[in-house]
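Hello,

Here is the structure we talked about, for you to open alongside this note. My findings follow below it.

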Amino acid sequence: MKTFPIIIFLFCLTIISCSPQTKVDLIVYHAQVYTVDSAFSTAQAFAVKDGKFIAIGSDEEIQRKYKAIEKIDAQGKAIYPGFYDAHAHLFDEAELMDQVDLNGSDSFEEVIQRVKNYQQKNPDKTWLIGGGWDQNRWKDKTFPTKDLLDKAFPDIPVYLMRVDYHAAVANSKALEWAKLTSIPTIRGGVVGGNNNIPNGLLIDNAMDLVNKTIPVPSEKDYLRMLKRTQDSLLSVGLTTIVDAGLSKERLDLLKKYYREGQLKIRDYAMILGNPQNIKSFIEQGFYETDRFEIKGFKLLADGALGSRGACLLAHYHDAPTHGFLLHSPREYEAMIKQIAESKFQANTHAIGDSANRIILDIYGKYLHNNGDRRWRIEHAQIISPTDFDKFRKYQIIPSVQPTHATSDMYWAKDRLGEERMKGAYAYKRLLAEYGKLALGSDFPVEHFNPIYGFHAAVARVDKKGYPNHGFQMQDAISREDALKGMTIWAAYSCFQEKKRGSIEVGKDADFVILEKDILKIPNEQLRNVKTERTVIAGETLFKR
């Protein structure tokens, strides 16, 4: 009689063990999975089918219930949702890889030498184009002019963009191509010079005078450059980027490349905001595929702090200028009103406290009782103390780039003075007001590695570990919040939180495996963490 319960138990165990396993495409196990769900829960394993997560749980549970075509033993490593860059410039990064990289140059003489070296390696180039110089790094911090360029390059046009892409210096040959022989009055820009003779310095809207004469790469060249850039982005764990401000021509190219399956990284593209584009794209409506979406406009309110183009409420601490808006407040309101009457998202670059106030107030006028619009301020870099609460009041998303703080900290106080610095790069305060931050890099202005942004957000130091105790540490954010900012909150800022941004059943199987756990290792180790594997829709697109 006592053997009967044992027989029943063995029979049930046999039935359970013989239960058919569900076939899936991928099982990942033996991992530390940070799901970044609402509870910030962790797991050991998950199963993927048809590009979606279908189960998340323990190693035993997942491997007992599922049978996979492919299995990945994570060997105890940390896994996170695929990283988002909430503000980036794909074409600019792609072009820079074919141009003269001037990042980190310590003098204008070094800039010129780099251009000479580039020309020697690329003798067939008809223009010499580069980007990345920053006069704030030089002993002589004055803006460069064309004089030295003319001596070094008298016969070929040269056009070199500042690191923020809000200023450039061109030689006489480039000015000649642009037929720029005198100094015109430019709304939202400056042509440098004296006695009505341009000196080669171009700031903000003035850059267009030369930009429009530069030859455009062919479709074939663009595809080559974009695919090479995509490979670089995948190698650091990026699965989605927000492409901040594209022309119709570039959007059409991306549509074609994605339609042909040439690009695989996900791209949430913003249309470059001007009256013509706003009217045209609103009439066309949203464009949405699995990998590529066009649902928002990107406006530019002002320039950059480093080139003194950011629009401030009071004059710069180190110069008798307030900076400037790139268009009039009336023009911004007209464009934002059109966007408000559509379903499109509004996203506006605003650096200075005056530019931020103007855009926040215009947003507020049209966001009153206007539903879940998720309009964004891109950069939100310098905010007046009386304007922080507008992010909460009007439900405006701060889209910020933590590495800007650690790049600008060497000279930002010179531009702003002590008092205004209290409202600059104030990420923790912005987070407290809105409850979320969308984190990005603004590449190629900064490096595209999202771990660098994570490090800057939590440690507030640069790659050298400077300063010892962090820059304005009152505005450092927690590691958990930084991870949310580059995953689920970034997805939220693009209306995508229901389909990606966390590792949850039913969502896109986008994830990244890192060699070390960025939620646990010391700050000084963060920037050296390597990506082991990057996966989009269950497909491994990068493996170290």
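Start with Lys146: this residue is buried, with a relative accessible area of 15%. On this scale buried means under 20% relative accessible area, exposed means over 50%, and partly exposed is in between (1.4 Å probe, protein chains only).

Before the rest, some ground rules. This is a predicted model, in which local features need pLDDT of at least 70 and side-chain atom pairs count only at pLDDT 80 or more, while totals for chains, interfaces and linings use all residues. Residues are numbered from 1 along each chain as its sequence is written, and side-chain values use heavy atoms, with hydrogens and water left out.

Salt bridges

Side chains of opposite charge can pair when their charged atoms come close. The rule used here asks for a side-chain nitrogen of Lys or Arg within 4 Å of a carboxyl oxygen of Asp or Glu. How many salt bridges does this rule give? The count is 46.

Lys146 has its partner in Asp150, with a salt bridge at 3.7 Å, N to O. Both residues lie in helix 5, four residues apart, which is about one turn of the helix. Helices (H or I, at least four residues) and strands (E, at least two) are DSSP runs, numbered from the N terminus.

Asp106 and Arg137 also form a salt bridge, at 2.8 Å, N to O. This pair links distant parts of the chain, 31 residues apart. Asp106 sits in the loop between strand 9 (100-101) and helix 4 (108-121). Arg137 sits in the loop between strand 10 (128-133) and helix 5 (146-152). Asp106 is partly exposed, at 43% relative accessible area. Arg137 is partly exposed too, at 44%.

Next, Glu341 and Lys337. Their closest N and O atoms are 2.7 Å apart, in a salt bridge. Glu341 is exposed at 60% relative accessibility, and Lys337 is partly exposed at 38%.

There is also a network of salt bridges. Its linked residues are Lys52, Arg266, Asp290, Arg291, Arg500, Asp508 and Asp510.

A contact across the sequence

Ser38 lies in the loop between strand 2 (32-34) and strand 3 (42-43). Is Ser38 buried or exposed? Ser38 counts as exposed, at 82% relative accessibility. Ser38 and Ile488 are 450 residues apart in sequence, but 9.5 Å apart in space, C-alpha to C-alpha.

Cysteines

A disulfide is a covalent bond between the sulfur atoms of two cysteines. The cut-off used is a pair of cysteine sulfur atoms within 2.5 Å. The structure holds zero disulfides. Cys311 is buried, with a relative accessible area of 9%. Cys494 is buried as well, at 0%.

Backbone

Most residues other than glycine have a negative phi, and most peptide bonds are trans. Here are some exceptions to check on your screen.

- Phe443 and Pro444 are joined by a cis peptide bond, with omega about 10 degrees. Pro444 lies in the loop between strand 22 (438-439) and helix 17 (450-459).
- Asp442 lies in the loop between strand 22 and helix 17. Its phi is positive, near 65 degrees, and Asp442 is buried at 7% relative accessible area.
- Tyr466 and Pro467 are joined by a cis peptide bond, with omega about -10 degrees. Pro467 is in the loop between helix 17 and helix 18 (479-485).
- Ala380 has a positive phi of about 40 degrees. Ala380 is in the loop between strand 20 (376-379) and helix 13 (389-393), and is buried at 1%.

Best wishes
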